[in-house]
Amino acid sequence: MSVQDRPQAAAGAVPPAVLAAVRAAEPGARHRGRPLVVGIDGRSGAGKSALAAALVDVLARDRPRTGAVGLLALEDAYRGWDGLAAGLAEVADGVLGPLRRGRPGRYRAYDWHAGRVDGVRAVPPPGTPVPEVLVVEGCGAGSAVLAPSVDVLVWLEAPEPVRHRRALERDGGTWAHRWDGWAAQEQALLDERDARAAADVVVATG
């Protein structure tokens, strides 16, 4: 899991089908008085962080109010290399549940360098309103535990060799020995709920 700066979005990096799905779902979320939650899922190395950054940039241009579009990177909540499911459960209960009721959420952040939980993060940050749109990106964004709170789900698809190369290049190969264990946790989530099949949009990134 990346502990480096997330990639910057490239211009034109948001597929039209993704934008169309988000914009079609917005009126319903506004009617219910809660943020529109967009999940961006896919296995490691599929390109989730880059698409999420690009989507936030595009949506924020339509909403000049500060804090109108939020981004939640699930990797900040995972409980280390063996804690994918535990981190998702905390986000479901501590962040997405409250936001559905119009209240701010919070979760305990994980420090990947120190290997421990380190501090609490508020969503939205203090002093900013509940966002109109919240983009939730990371492995498990389409998992069963988050599904009730996700309005639009995007799945990114790429062949395993491509994903493996990207992930290790991104992080300097520092977690090559963790690849199989992490992939098993991803697969366990997909066995519980097939996020690719459930997605509103599937984007091939390979």
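Is Trp182 buried or exposed? I looked this up first: Trp182 is buried, with a relative accessible area of 1%. I use buried for under 20% relative accessible area, exposed for over 50% and partly exposed for in between, with a 1.4 Å probe and protein chains only.

**Basis of the entries**

The model is predicted, so I note that local features need pLDDT of at least 70 and side-chain atom pairs count only at pLDDT 80 or more, while totals for chains, interfaces and linings use all residues. Residues are numbered from 1 along each chain as its sequence is written, and side-chain values use heavy atoms, with hydrogens and water left out.

**Aromatic residues**

I counted aromatic pairs and found 7 in the structure. Rings of Phe, Tyr and Trp (the six-membered ring for Trp) pair if their centres lie within 6.5 Å; planes under 30 degrees apart count as stacked, over 60 as edge-to-face and the rest as tilted.

Trp81 and Trp112 make an edge-to-face pair, 5.0 Å centre to centre with 75° between the planes. Trp81 sits in the loop between strand S2 (69–73) and H3, Trp112 in the loop between S3 and S4, 31 residues apart. Helices (H or I, at least four residues) and strands (E, at least two) are DSSP runs, numbered from the N terminus. Trp112 is buried, at 15% relative accessible area.

I then checked Trp81 against Trp182: the ring centres are 5.9 Å apart and the planes at 85°, so this pair is edge-to-face. Trp81 is in the loop between S2 and H3 and Trp182 is in helix H5, so the pair ties together parts 101 residues apart in sequence. One aromatic cluster takes in Tyr78, Trp81, Tyr110, Trp112, Trp175, Trp179 and Trp182.

I also looked at Gly181, which is in helix H5. Gly181 is partly exposed, with a relative accessible area of 43%. From Gly181 to Val22 I get 33 Å in space, C-alpha to C-alpha, and 159 residues in sequence.

**Nonpolar cores**

A nonpolar core here is a set of buried Ala, Val, Leu, Ile, Met, Phe, Trp, Tyr and Cys residues joined through side-chain atoms within 4.5 Å. The largest has 33 residues, and those with the most contacts inside it are Leu74, Tyr78, Val91, Val95, Leu96 and Leu146. Two or more residues come from each of helix H3 (84–100), strand S3 (105–111), strand S5 (133–137), strand S6 (152–157) and helix H5 (179–192). H3 gives the most, with 7 residues.

What does Val91 touch, leaving aside its neighbours within four places in sequence? I find Leu72, Leu74, Ala77, Leu96 and Leu146 in contact with Val91, where contact means heavy atoms within 4.5 Å. Another core, of 25 residues, lies apart from the largest one and has Val18, Val133, Val135 and Val201 among its members.

Helix H2 (residues 48–62) has 15 residues and reaches 22 Å from its first C-alpha to its last, close to the 21 Å expected at 1.5 Å a residue. The expected span is 1.5 Å times one less than the number of residues. Among the buried residues of H2 I list Lys48, Ser49, Leu51, Leu55 and Leu59.

In helix H4 (residues 160–170) the buried residues are Val162, Arg163, Ala167 and Leu168. The buried residues of H4 pack against H5. Gly172 follows H4 and has a positive phi, near 65°.

**A cis bond**

Val123 and Pro124 are joined by a cis peptide bond, with omega about 0°. I placed Pro124 in the loop between strand S4 (116–123) and S5. Most residues other than glycine have a negative phi, and most peptide bonds are trans.

**Pocket and cavity**

On a 1 Å grid over the protein atoms alone, a cavity is a set of points where a 1.4 Å probe fits but cannot get out; a pocket is an open set with protein on both sides within 12 Å along at least five of seven lines; lining residues have an atom within 4 Å of a point.

The largest pocket has a volume of about 370 Å³. Its lining has 23 residues, with Gly70, Leu71, Leu72, Pro125 and Leu134 nearest the centre. S2 gives the most to this lining, with 5 residues.

The largest cavity holds about 80 Å³ of space. Of its 14 lining residues, Asp41, Gly140, Glu186, Leu189 and Leu190 are the closest to its centre. H5 gives the most to the lining of the largest cavity, with 3 residues.

Notes:
Grid points are joined across faces, edges and corners, and a volume is the space filled by probe spheres set on the points.
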